[in-house]
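Hi everyone, thanks for coming. Let me put the structure up, and then we can walk through its side-chain contacts together.

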Amino acid sequence: MNYYIVPGYGANADSDWFEWLDQYIVKHQGGRVKRLSLPEKDDLNMDAWTTYLSEIIDPNQENCLIGHSLGVLRILTYLAETNGAPVSVLLVSGFNQELSAFPELNQIVPQELNEMGIRARIAQGVMVTAQDDPIVSWQISFDLATALQIDCFVRPTGGHFLGRRAPILGEVLAGMQQWRT
């Protein structure tokens, strides 16, 4: 399986827990991992991200898309605007609503997501969120997971998942692997 890690706002391929998860996947899942990023000037350009993901991801392969925060919205936009085989998704602190903590993101939050079209592209999925997330309310992530008809794991703590390690994500990926077999 191919794994693609899509960062959030202001992050890049080496931010937060991305390297840790990359190493975890290679060691425990045996997959191929690509940690993605675009130049900072394109951080809020959803069209640039969709084009980039379309160029990197082979839609006919078995893929797992992993996104954090704004990376979730990037993945959902990609899934809504492209065709291909259904994918697995691991979404962390995802949102599809305006955030008071980052009003500069409001310009790219879609008024409406093609949830039915996106659901058709998701073979299996999990949202991970925390009740103490100061940036994306767990309720926003929960509501998005519900709309996408994927499981949602709400942790009491974890904040916005900005640490260098994220063992919970490894556990969730291992569980997703078991679901497929």
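Let's begin with Arg74 and Asp43, whose side chains meet in a salt bridge at 2.7 Å, N to O. By salt bridge I mean a side-chain nitrogen of Lys or Arg within 4 Å of a carboxyl oxygen of Asp or Glu. Arg74 sits in helix 3 (residues 70-81) and Asp43 in the loop between strand 2 and helix 2 (46-56), so this pair links distant parts of the chain, 31 residues apart. Helices (H or I, at least four residues) and strands (E, at least two) are DSSP runs, numbered from the N terminus. Are these two partners buried or exposed? Arg74 is buried, at 1% relative accessibility, and Asp43 is buried too, at 10%. The cut-offs here: buried is under 20% relative accessible area, exposed is over 50%, and partly exposed is in between, with a 1.4 Å probe and protein chains only.

A word on what you are looking at: this is a predicted model, where local features need pLDDT of at least 70 and side-chain atom pairs count only at pLDDT 80 or more, while totals for chains, interfaces and linings use all residues. Residues are numbered from 1 along each chain as its sequence is written, and side-chain values use heavy atoms, with hydrogens and water left out.

How many salt bridges does the structure hold? There are 4. Two of them involve Arg35. With Asp14, the closest N and O atoms of the pair are 3.0 Å apart. Here Arg35 lies in strand 2 (residues 32-35) and Asp14 in the loop between strand 1 (2-6) and helix 1 (18-29), 21 residues apart. With Asp22, the Arg35 side chain makes a salt bridge at 2.9 Å, N to O. Asp22 is in helix 1, so that pair ties together parts 13 residues apart in sequence. Asp22 is buried, at 13%, whereas Arg35 is partly exposed at 25% and Asp14 is partly exposed at 48%.

Now for the rings. The structure holds 5 aromatic pairs. Rings of Phe, Tyr and Trp (its six-membered ring) pair if their centres lie within 6.5 Å; planes under 30 degrees apart are stacked, over 60 edge-to-face, and the rest tilted. One of the pairs is Trp17 with Phe18, edge-to-face at 4.7 Å centre to centre and 80 degrees between the planes. Both of these residues are buried. Another is Trp138 with Phe142, also edge-to-face, at 6.2 Å and 65 degrees. They are 4 residues apart in helix 5 (residues 138-148), so about one helical turn separates them. Trp138 is partly exposed at 29%, and Phe142 is partly exposed at 34%.
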